[in-house]
Number of protein chains: 2
Amino acid sequence: MTLDDSLSIHVPKSDWPRVVIIGGGFAGLKLSRSLVRKKFQVVLIDKHNYHGFQPLLYQVATAGLEPDSIVGPLRQHVEERKNFYFRMLNVKQILPEKKSVATDVGELEYDHLVIATGSKSNFFGNKDIQRHSFPLKKVTEALDLRSQLLQNFEKSVLTKDIRKREALMNVVIVGGGPTGVELAGAIAELRNHVLPQDYPELNLKRMKIYLVEGAGRLLGAMSESSGKNAQAYLEKFDVSIILNKLVQTYDGETVKLNDGTQLYTTTLIWAAGVMGNTVKGLPDEAVERSRYLVNEYGQVKGYEDIFAVGDIACLKTEEHPHGLPMLAPVAIQQGKLLADNLERLREGKSMKPFKYLDKGTMATVGRNKAVVELPGGLRFGGFFAWIVWMFIHLLYIIGFRNKFIIFANWFWNYVTYDRGNRVIIRTYKPKKNRDRKTEKNPPKDGES
Amino acid sequence: MTLDDSLSIHVPKSDWPRVVIIGGGFAGLKLSRSLVRKKFQVVLIDKHNYHGFQPLLYQVATAGLEPDSIVGPLRQHVEERKNFYFRMLNVKQILPEKKSVATDVGELEYDHLVIATGSKSNFFGNKDIQRHSFPLKKVTEALDLRSQLLQNFEKSVLTKDIRKREALMNVVIVGGGPTGVELAGAIAELRNHVLPQDYPELNLKRMKIYLVEGAGRLLGAMSESSGKNAQAYLEKFDVSIILNKLVQTYDGETVKLNDGTQLYTTTLIWAAGVMGNTVKGLPDEAVERSRYLVNEYGQVKGYEDIFAVGDIACLKTEEHPHGLPMLAPVAIQQGKLLADNLERLREGKSMKPFKYLDKGTMATVGRNKAVVELPGGLRFGGFFAWIVWMFIHLLYIIGFRNKFIIFANWFWNYVTYDRGNRVIIRTYKPKKNRDRKTEKNPPKDGES
């Protein structure tokens, strides 16, 4: 949004306490939807005017779903409106001593502040990887990756240089968690079923899909058997899995692993780490490894009126000494509880502590293949797990319209082996310097 | 697409004559689909990898349809593949003396060349309007307009300055042809039914939608009664129609008409003219008002082996002394005939002359309202016309998947009065200088 001097953030005074929520992800949206039914003035601030359903981003990136199907307007999703104010803005800083937040167009005071800013890709300081790789945390990143994959195939038919052609076709995915596994499966499906019809000129058997994971197995957050199942499914789809290896450098064409292995690709997808998306203004003591330390009520360390929920909150428990995992169910449960707790606070009652109700974890690997783990040790894979995966995702995505459109798309894709969205609407333009020639010496850290 | 030295346009030699087609719009796509079934090597070159259904662009711009629903991959739409080569490239110049075309990655020879490059917005040399206004000929332009409309509403809640707020909310559409009429109706529907729920803070009664037309009535290509019907429908939806006026200047905030009237808006939509999208390389004698002069076989003046079809072709007939209208049915019919004629040429037969079969014209104004004119003088408006309009558009859009998704969206929008796609995926960033302060003197022609 282009801003200008005449704009300011203004919200009418209210007799009810004002809760300012930064971020409309799973936690912020759930909190907003609950809180507007109570006696609070709710101000939701987000850089975007939509809530994005991140678990399905990889399907947008692989042309299975349209981007609009997995997002929904925030103004529509919070149904009660008299006490709800949405502002599409960037928060620059929290000013706890003034009980206000500084935005691009001025300051806004709060009675309670809730930080729900989520997480972002973590490149662990490797600027080369950050510059050349494709992360997958935002809708625009998913569209960039979709354009890149398709552009590369259009380029492949324009070169007779086999080495060049393979670098254009190959894909290297770094990170063997759910995102990496699901992406690898979806790209394998594109290669095995969709692309051969589009590109009879290319020998798609020469297209390699590598999944590189630093640990000894896939899906580290799930059981060993689920990791092995996922690996077996992916290998059946002809994905090359490289375990116990780390990526050291990437110059846009050559990936070097820590054992010296070199892989050639113009498309390195980075799914190897996320970190909290902190806001300026709170002291270092409140932050641990990029997340805000919170107590069992969600209060940020050192504050009574500042809360954090979702990925950005680090709540340490006995079972999770480094903080609860960054998962949608945690965020949703925290958002819901905080709405109740703020009401209890207002009524002079004591707040209830957060208890994470583990609902299980799952990952799909592609057509008819998924792994599911339910609490209590029930684990299963294959077709039934795949049905469960689809059902749960349709259940969690917000809005009947999105459920309907996504279901229609999935049905279509399943029956026809087609991906209807393989169009390059906006050409992906590499970041500056991306296309410079491969150098003998990678640039020094900090150079850009 | 980022290009690089190692790329080249190469297509294998064939015993069959090579037809190079520039452009995958209605004409180029129809021709490709017919020609691949005959004994020709078909090379289709387009800057994009998709065919866009332009008649529904305005619904993308007004959040009624997702962009992917109205486009389809060109590689998929041409079904026979052994003799079909698609190249996503920009054609720089035609080299008739070498019987080849120059592209970004080298030259390609042809036996027959078909120019099907369509049309683009015509600003009649007014650089200020070109810089500040929103045209609507491309999918990316429709997305830019959608972002702009929504961003403006998000900005409106950030200002208390009434004049500024109205400039942000108001929309001025220039051009009273089908595009202008359909856009005005769709934006009025947004204002009347969708936006009030999203923006209870704004008084949407103060939002004005102006439709400015230089002639004395709307829909100049249709009958006077259809023009009057469309005007009555639009006025019922509270669109302000200004006839017999031309836009003289626009600085990004103030529109000045030739009678001195000033309108305030940050969103001027330009639907007032199109022109042919010519390619470099053919002599001036072959071009008339930006279109290639063709004979009844589609041959460009002065050439036997270069053809033009669709909007870019100017075929003068008794009924149309300035050339056939730039309409999808003309393009489709010309594409189809040219495929037959190329085959006849190959077989040593004489070509058949083109005869335009007028299938009628129509325009929708919004919910339950449209005007239709069939050949033979049959004219009707209202609900039945609206049903016919929808049916014909669904019939003409290519691919069962798109038909299905569009129908589902229309059904949803009609029943719920909702527009599910009101999300700002990519922020619209004004062109440089767009936001400078209003100047007393508009910049000189040529300044940018």
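Mentor: Axes are lines fitted to C-alpha atoms, for helices over the stretch in contact, and angles run from 0 to 180 degrees between N-to-C directions. The model is predicted: local features need pLDDT of at least 70, side-chain atom pairs count only at pLDDT 80 or more, and totals for chains, interfaces and linings use all residues. Residues are numbered from 1 along each chain as its sequence is written, chains are lettered from A in the order in which they are written, and side-chain values use heavy atoms, with hydrogens and water left out.

Trainee: Across which strands does helix α1 of chain B lie?

Mentor: Contact means heavy atoms within 4.5 Å, while helices (H or I, at least four residues) and strands (E, at least two) are DSSP runs numbered from the N terminus. Helix α1 (residues 26-35) of chain B lies across β1, β2, β5 and β9 (112-115), at about 160° to β1(B).

Trainee: In what order do the strands of the open sheet in chain B run?

Mentor: Strands of a sheet pair through backbone hydrogen bonds, either parallel or antiparallel. Pairing requires at least two DSSP bridges between two strands. In chain B the order is β5-β2-β1-β9-β22, with parallel pairing. The edge strands are β5 and β22 (306-308) of chain B.

Trainee: How much area do chain B and chain A bury between them?

Mentor: The size of an interface is often given as the accessible area lost when the parts come together. Buried area (1.4 Å probe) is summed over both parts; chain B and chain A bury about 6,300 Å², 54% of it on carbon and sulfur atoms. B:L158, B:R401 and B:R426 supply 13% of the area that chain B buries against chain A.

Methods: Buried area is the accessible area (1.4 Å probe) that two parts lose on being put together, summed over both.
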